[in-house]
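Welcome, and thanks for taking a look at this one with us. Have the viewer ready as you read along.

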Amino acid sequence: MSEPIKTVLLRGGTVHSPADPFATAMVVEHGHVAWVGSEGAADSFAEGVDEVVHLDGALVTPAFTDAHVHTTATGLALTGLDLTGVAGLAEALERVRAHAAARPADRVLLGHGWDGSRWPEQRPPSRRELDEATGGRPLYLTRADVHSAVVTTALLDLVPHAARLTGYDPDGPLTDDAHHAVRAVAYESVTPAQRAEAQRAALARAASLGIGSVHECAGPLISSEDDLTGLLRLAAEEPGPRVVGYWAEALTSPDGAERIRELGAIGAAGDLFADGSLGSHTACLHEPYADAGHRGTGHLDAAAVAAHVAACTEAGIQAGFHAIGDAALTAVTEGVRAAADKLGLAAIRAARHRVEHAEMLSPEHIAAFAEFALTASVQPAFDAAWGGDEGMYAQRLGRERARTLNPYADLLRAGVPLALGSDSPVTPLDPWGGVRAAAFHRTPRHRVSVRAAFTAHTRGGWRAIGRDDAGILVPGAPADYAIWESGDLVVQVPDTRVANWSTDPRSGTPGLPDLTPGTPLPVCLRTVVGGRTVHERPNE
């Protein structure tokens, strides 16, 4: 990371920049954008640069920010057992057998990604089936949403107290405290070398997809202090995407912020759980699930939220929460309101606190988000995976409630800041796929323009960490950008209510790739972070 940063002229393509909607060239100097403009003017820079990149018609955009990632878990899924997309129970068990045979030395087998709601059997693997598939070895296998897991008898033998904790099931998936207990033991089996290998794999995948920065959502119930500090150290020492760390630990006084800073995190935020997930029936609802006789599980009430937000605000760090169900979101917004009553609205707004997922929003919640300047850190791929009238959300909530989820258009109309991410490995790292999912939401009234979604996945991630000077290609901005092979550039809007002039080239609205479902997504040719190349696609 210590080699000199080159001065580079990129020319002969399309540069997506608000500074010049018709730009075809850009100069990068000292790790920042120095100039953006036309091809004719580029000639005057050609002699004074270290490198000229001939774009040959390629598109240059700001690099993406993925605003919610679990880096080590992503890398373990990439390098190990990943059941995402398997067709049914039999295929899942066969993959478990193959993984166990391929990893004879692993103390605990780790896997991810099953989703019984997508299988013909409509159920997860049983403990007996997993015991047989693993040959009696310890196995920890998370559901796609990572809020529950199926495990083998051998793993439970290592955590005997799990049977006395909330969320324990003698044969089904473990949730809540029982799940957290077995997860801690499972991840303790990962060696430092395995962890670093997984982190490098995840960051390399991110860079190959044009992602220039990720927000790592760590915490005591998710990973470990060593995992977070090791990741931040690796990212600082090796070429790759930037990593911004959050540590999800509740504070009761400003003094607790010192511990957050010592870990290298910028906030006590990310997955500080106000509830769980819809898929695992642990998101906290005002009314019962349509397919279960309960309302899920709440982990924080409004008083706990208020104490945390007040402590973080007074300490000058971000607060944040994981909140999916409407009851959890009510607890969060009521708690933030109580903190604002104590400290003043201006102090709360200036802190840019954030809420992860924020799926089951009511109009009242949205108004509160706007009032308190809460960033909604959202994952459009959730809707693509589980939305629609026949999807998992409709199974859990019924169609009417499911159609209210993830109301991105309402959030933007209310002025709520959006930051897009994947929650990888819950859904894969796939930024253009996330933009497409927001623009072609399964519920049409929640759709936003491609440009709005793209902005939320680039500049929105920077704004979510308090930076207004990045995520765009204008002079002075950090030179975090990606070069893409793409088709025609267009301006895509949700419906005909948007004025036709905005889609006319004469309007000066910068175009973006056509993301109509079924069309190929752009291919990343190069990713640059701070003026240094961190990914270059091999010539084929």
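## Around His70

Let's begin with a histidine in this predicted model. Beyond its neighbours within four places in sequence, His70 makes contact with Glu216, Cys217, Ile222, Asp271, Asp423, Ser424 and Pro425. You will find His70 in the loop that lies between strand 7 (64-69) and helix 2 (71-79). Its relative accessibility is 10%, so His70 counts as buried.

## The cysteines

One of the contacts of His70 is Cys217, and Cys217 is buried too, because its relative accessibility is 0%. A disulfide would need the two sulfur atoms within 2.5 Å.

The structure as a whole has zero disulfides. Cys284, with 15% relative accessibility, also counts as buried.

## Helix 10 against helix 11

Two packed helices can be described by the angle and the distance between their axes. Helix 10 (residues 302-315) and helix 11 (residues 326-343) have axes that come within 7 Å and cross at roughly 50°. That angle makes helix 10 oblique to helix 11, and their crossing is right-handed.

On the helix 10 side, the contact involves Ala302, Val305, Ala306, Val309, Ala310, Thr313 and Glu314. Helix 11 meets them with residues including Ala331, Val332, Glu334, Gly335 and Lys342. By type, the residues of this contact between helix 10 and helix 11 split into eleven nonpolar, two polar and three charged.

Note on methods
Residues are numbered from 1 along each chain as its sequence is written. This is a predicted model: local features need pLDDT of at least 70, side-chain atom pairs count only at pLDDT 80 or more; totals for chains, interfaces and linings use all residues. Side-chain values use heavy atoms; hydrogens and water are left out. Buried means under 20% relative accessible area, exposed over 50%, partly exposed in between (1.4 Å probe, protein chains only). Axes are lines fitted to C-alpha atoms, for helices over the stretch in contact, and angles run from 0 to 180 degrees between N-to-C directions. Helices (H or I, at least four residues) and strands (E, at least two) are DSSP runs, numbered from the N terminus. Angles under 35 degrees count as roughly parallel, over 145 as roughly antiparallel, 65 to 115 as roughly perpendicular and the rest as oblique. A crossing is left-handed if the near helix is turned anticlockwise from the far one by less than a right angle, and right-handed if clockwise. Contact means heavy atoms within 4.5 Å. Ala, Val, Leu, Ile, Met, Phe, Trp, Tyr, Cys and Pro count as nonpolar, Asp, Glu, Lys and Arg as charged, and the others, Gly among them, as polar.
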